[in-house]
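Hello,

Here is the structure I promised to hand over. Please open it first, then read my notes below.

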Amino acid sequence: MKNQKLKMDMASKIAEVIEASSAEFTAQCYKLDQSPPLGSLVKTQDELGEIYGVVYNVETHSLDPGRRVIARGENLESNEDIFKVNPQLARLLSTDFKVMVVGHVQGKSLYHYLPPKPASIHSFVCTCRLEEVRAFTQSLDFLNLLVDVRLSVPVDEVTAACLRYASQAHSDPQGFLVKAGKELACLLGSDTRRLNSLLKRLK
Amino acid sequence: MSLDLTKLVGQIVDLATSLKTLGRERAAKLDFALETIKSSAAEFNRLKQRVETSKTTWLVAGLKETIDLRRAAPTCPDDLIVLASDGSHIDVDRHQSASCFLINIGVAHLQYGRNPDAQLFSFPALYFKDDEMVIASPNGQRIQIEGQLLGVKRSVEECRVLAEQAGELKTDLPLVALLDGSLILWGLIGQAYPDFVVRELLVDCFLKYLNKLKEFSRLRQLAVASYISFPRSTDVVNVIRLAVCPYEPVDCDRNCHDKFGGRECDVVGGLLDRDLFARLLAPGERSAIFSSRSSVVMKYYGAQEINFFYLRLDGEVVRVEIPLWVAEDEKLIGLIHSAILDQCQRGLGYPVALSEAHEQAVVTGADREQFWGLVEQVLVEDKVFLESSAKQQSKRTRWI
């Protein structure tokens, strides 16, 4: 029964976890270039529960680290033609995205902090539905995790992208952003330069 | 200590000088060879007969068309499937605890046209049972499959998988099935393998799979070929040797056994077929079709007799080998010719399907180490303790 539920929830799976640690995981997309947008909320699920995370980096690369991707379109009209003429490319390239873990569900309770165990390798990843985004971002406690983290990409870009994305799930997007701005002001109170820069990105 | 390159520099300079001299000699020989081809075109039938009646110590191409024939490629069909297989192996290592070998066959299935698609996969297989690792005759003689014979076994497996995959295709698009290397199992020649070994690998397997492909070709347009990059063959140059041979009948052992290096035909010695066709053909053109008169082909291949042509690409001249049933069908030759050119254009000079099949098949040095590591791990976990050699241990732990 439990497994059946797992299957139903994951009907919209788009990727699979290929690397995981307590604070983040990497997922490989099933289709090239079909990653969720930067800052969007995704979830993965295993027998222990659901893990929520924010997409913080997307990368498309050669599956074989020893084979470099080369330019192929000099005599072709469109990007699409490159894949038509070289159908093997879709099998040799991969789009991965990195996700920062921002919360989890255990039992029926939602927590805005790290789960006790990392995501399971090969667990499915799917994008969250609007109502899930709305439910998760009712509380902005996860912002604490986001603003303090060190990432390979500018973290404020990710935070701003996440808030803009989440605002669309709320009936009053502007009101949501104002509330988020206040939360950020509390978290970054002493760093006004960073706060101002981040707030500008919420527009 | 690693290789002392400073002691080699002088010798490498000598090598370069020697190559330069050889290059000049070769250019003069090539001019002569081309002149001979031109002048012998009128006597095609006489030359053809000479080929068939000669007794030579070298391999001569069977003539079907004049040597200087050139053909441009027809248009490659838009909707086309190219299927290729390639293999690699890990040989039996007598220093390892477990006696086994591995063959990994890679397959690329590329579909072009209205519904472009690609499937890339590999079939690794471990051979460890006694009857898998030897070829046995009915009277109990046993030949171990390892070394060169394993290379032959791998070629057989490449052909088996190619035939299997071709048989599974459900569409009716034209299909080109490609193998890398030669369709002639050269590894079986010159090693004095007993006849039952040749029959088991060649007649009962390789030729049977080629025959399967022939059967599939009755249901759809299907051509099979093998592709040899940078060929070192001299079958056609040796026809020129026959053309200039002053003896009638041609019989190397009788007429020239004591004249090594000073024979009349040595005026074209050292030339390769690819040198000839680099001058005879324009980019994209193929040569005439020749037949292989190799002893193994003539003795065993029968209806699958191997024919071949040379094809000039932008960067090199390659040899394409085809079975007789492809060679006798003008449409299939055209399909192979145009598809290989198209594949090479897509693959920056080398057929993309073969290149991807190779990528699926390749076993790197690191793979090899991991493989043997895994074998040992599983044996230990299953409490199977086998001996391994001290030499192997010493290679693994290098000390001073």
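Start with the overall build of chain B. A compact globule of 400 residues would have a radius of gyration near 21 Å, and chain B has 24 Å, which agrees. (That radius is taken over C-alpha atoms, and the globule rule is 2.2 Å times the number of residues to the power 0.38.)

Two notes on reading the model. It is predicted, so local features need pLDDT of at least 70 and side-chain atom pairs count only at pLDDT 80 or more, while totals for chains, interfaces and linings use all residues. Residues are numbered from 1 along each chain as its sequence is written, with chains lettered from A and ligands numbered from 1 in the order in which they are written.

**Chain B overall**

The C-alpha atoms of chain B fill a box of roughly 75 × 60 × 50 Å along the principal axes. Chain B has 14 helices and 11 strands. These are DSSP runs numbered from the N terminus: helices are H or I with at least four residues, strands are E with at least two. Buried residues make up 38% of chain B. Buried means that 20 or more other C-beta atoms lie within 10 Å of a residue's own; exposed means 12 or fewer, partly exposed is in between, and C-beta atoms are placed from the backbone. Take the contacts in chain B between residues at least 6 apart in sequence: 74% join residues at least 24 apart. A contact needs C-beta atoms, placed from the backbone, within 7 Å.

**The sheet of chain B**

Nine strands of chain B form an open sheet with mixed pairing, in the order E1-E9-E10-E11-E8-E7-E2-E3-E4. Its edge strands are E1 (62-63) and E4 (117-127) of chain B, and each pairs on one side only. Strands pair if DSSP finds at least two bridges between them. E1(B) and E9(B) (residues 290-291) pair in the antiparallel sense over two bridges. There, Leu63(B) stands opposite Phe290(B).

**Helix H1 of chain B**

H1(B) covers residues 9-40. Its 32 residues should span 46 Å at 1.5 Å a residue, and its end C-alpha atoms are 46 Å apart, which agrees.

**Cores**

A nonpolar core is a set of buried Ala, Val, Leu, Ile, Met, Phe, Trp, Tyr and Cys residues joined through C-beta atoms within 7 Å. Which members of the largest core touch the most others? Among its 100 residues, they are Val239(B) and Ile336(B). Helix H5 (residues 195-216) of chain B gives the most to this core, with nine residues. Apart from this core lies another of 35 residues, including Ala27(A), Val99(A), Leu163(A) and Ala166(A). Back to Ile336(B): leaving aside neighbours within four places in sequence, Ile336(B) is in contact with Val176(B), Ala223(B), Ala225(B), Val320(B), Ile322(B) and Val326(B).

**Chain A**

Chain A comes to eight helices and seven strands. Its C-alpha trace spans about 55 × 50 × 30 Å along the principal axes. Of its 203 residues, 26% count as buried.

Strand E3(A) (residues 41-46) is mostly covered, with five of its six residues buried. Six bridges join E3(A) to E4(A) (residues 49-62), and the two run antiparallel. They form a hairpin with two residues between them. Asp46(A) stands opposite Gly49(A). E3(A) also runs antiparallel to E7(A) (residues 124-127), over three bridges. Val42(A) has Thr127(A) as its bridge partner there.

A hairpin through three residues joins E1(A) to E2(A). E1(A) (residues 13-20) and E2(A) (residues 24-29) pair antiparallel over five bridges. Ala20(A) is the bridge partner of Phe25(A).

**Where the chains meet**

Seven residues of chain A are in contact with 11 residues of chain B. On the chain A side, helices H2 (79-85) and H3 (89-92) are the elements that give two or more residues. That side divides into three nonpolar, two polar and two charged residues. (Ala, Val, Leu, Ile, Met, Phe, Trp, Tyr, Cys and Pro count as nonpolar, Asp, Glu, Lys and Arg as charged, and the others, Gly among them, as polar.)

Best wishes

Methods: Expected span 1.5 Å × (residues − 1). Contact = placed C-beta atoms within 7 Å.
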